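Work through the exercises below with the sequence and the coordinates at hand. Each task is followed by a worked solution.

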Amino acid sequence: GQQLNQSPQSMFIQEGEDVSMNCTSSSIFNTWLWYKQDPGEGPVLLIALYKAGELTSNGRLTAQFGITRKDSFLNISASIPSDVGIYFCAGRNIITGGGNKLTFGTGTQLKVEL
Amino acid sequence: DTGVSQDPRHKITKRGQNVTFRCDPISEHNRLYWYRQTLGQGPEFLTYFQNEAQLEKSRLLSDRFSAERPKGSFSTLEIQRTEQGDSAMYLCARSFIESDEQFFGPGTRLTVL
């Protein structure tokens, strides 16, 4: 099935550093969501974006809905060890989305060095 | 707590056996989704229900797979004649009808030997 492209595939950073990752699609999306997944658990919703250009924060996390509606960005400021995990973007495409079906990205694995 | 429980959390079975998974969302959410996630990939949509009606099925859902939500509350996903390629994490999610925000359960990890 279709998956969104996420970059980078993995990151190894030091505690306290800021992190940036992005997600791109060949299709227009109406909604972008960012999830974090820990090993052996389900994805946990971090941020939801609904409008092109929208910038939304949740604590140290900030996400943006790209103005082309084909991309989204997630930034994490001052990373801490518990930020370790896999971050997934997900989008809903009004043309193919049907009833809120989400298309997920390939994931960005974040590792934090103390 | 995401308001979704799944049972079992882990299932090991032999090829050819049938397995059934259960998902229990909190009652206020009308939509229920099933996704499959293989190692190193993001979740992929399988099917979803609005109340008790199954409204969409992915082509990933072969005829060996069947999902039900008989009373619009809990849901079951059955896989018949399991194959090694069915090994994956099966995730259930819930949402309100008017919302794009989906909240996932902890998943059921299936291993087919």
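**Exercise 1.** Describe the contact between chain A and chain B by buried area and by residues.

Solution. Begin with the area: chain A and chain B bury about 1900 Å² between them, and carbon and sulfur atoms give 47% of this. Buried area is the accessible area (1.4 Å probe) lost by two parts on being put together, summed over both. Next, take the residues with heavy atoms within 4.5 Å: 24 come from chain A and 25 from chain B.

The model is predicted: local features need pLDDT of at least 70 and side-chain atom pairs pLDDT 80 or more, while totals for chains, interfaces and linings use all residues. Residues are numbered from 1 along each chain as written, chains are lettered from A and ligands numbered from 1 in written order, and side-chain values use heavy atoms, without hydrogens and water.

**Exercise 2.** Find the salt bridges across the interface of chain A and chain B.

Solution. Apply the rule: a side-chain nitrogen of Lys or Arg within 4 Å of a carboxyl oxygen of Asp or Glu. This gives 3 salt bridges across the interface. One of them pairs A:Arg92 with B:Asp100, with 2.9 Å between the closest N and O atoms.

Then turn to the elements, where strands are DSSP runs (E, at least two residues) numbered from the N terminus. On the side of chain A that touches chain B, two or more residues each come from β4 (31–37), β5 (44–49) and β9 (85–92) of chain A. The largest share, 4 residues, is that of β4(A).
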